[in-house]
Amino acid sequence: MAQTVITLEDLLAFETRVKAFINVKIHELQESPKPLFYTVSEVARMLRLSTYSVRRKLVNPDEPFLRGVQASGVKGQWLVSQESVNALLKSLETNR
């Protein structure tokens, strides 16, 4: 069998290509826009709550932070704004 010889220049070129690839991927992740509205399941995942608990907070008029919009009808999907989720997260952080 023939042995493949890898030179220092080959390693440096490979390292440069990998760094460039990683920088591009990091840049793409940083620029990905956050959604304006989240679904109940997305909010539940972020807050580590059940979807039932999130819906209960949305329906409760005494809940000062979590507000959402429900599509027409009783079974319409809830949408929760990003600002509302951020306000709730900040209130939870201050209560700790």
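**A walk through the helices and the sheet**

Let us begin with two helices: α2 (residues 40–47) and α3 (residues 51–59) pack with their axes 8 Å apart, at an angle of about 105 degrees. Here, axes are lines fitted to C-alpha atoms, for helices over the stretch in contact, and angles run from 0 to 180 degrees between N-to-C directions. The two helices are therefore roughly perpendicular to each other (angles under 35 degrees count as roughly parallel, over 145 as roughly antiparallel, 65 to 115 as roughly perpendicular and the rest as oblique). On the α2 side, V40, S41, V43 and A44 make the contact, and on the α3 side T51, V54, R55 and L58, where contact means heavy atoms within 4.5 Å. These residues divide into 5 nonpolar, 2 polar and 1 charged (Ala, Val, Leu, Ile, Met, Phe, Trp, Tyr, Cys and Pro count as nonpolar, Asp, Glu, Lys and Arg as charged, and the others, Gly among them, as polar).

You are looking at a predicted model, in which local features need pLDDT of at least 70, side-chain atom pairs count only at pLDDT 80 or more, and totals for chains, interfaces and linings use all residues. Residues are numbered from 1 along each chain as its sequence is written, and side-chain values use heavy atoms, with hydrogens and water left out. Helices (H or I, at least four residues) and strands (E, at least two) are DSSP runs, numbered from the N terminus.

Now for the sheet. It is open, with 3 strands in the order β1-β3-β2 and antiparallel pairing; two strands pair if DSSP finds at least two bridges between them. β1 (37–39) and β2 (68–70) each have a single partner strand, so one side of each is left without a neighbour in the sheet. On average, neighbouring strands are turned by 30 degrees against each other, direction ignored. β2 pairs with β3 (residues 78–81) over 3 bridges, and G68 has V80 in β3 as its bridge partner.

Two helices lie across β1 and β3: α2 runs at about 90 degrees to β1, while α4 (residues 82–94) runs at about 65 degrees to β3.

Next, a pair of side chains: E15 forms a salt bridge with K19, their closest N and O atoms being 3.6 Å apart. A salt bridge is a side-chain nitrogen of Lys or Arg within 4 Å of a carboxyl oxygen of Asp or Glu. E15 and K19 are 4 residues apart in helix α1 (residues 8–31), which means about one helical turn separates them.
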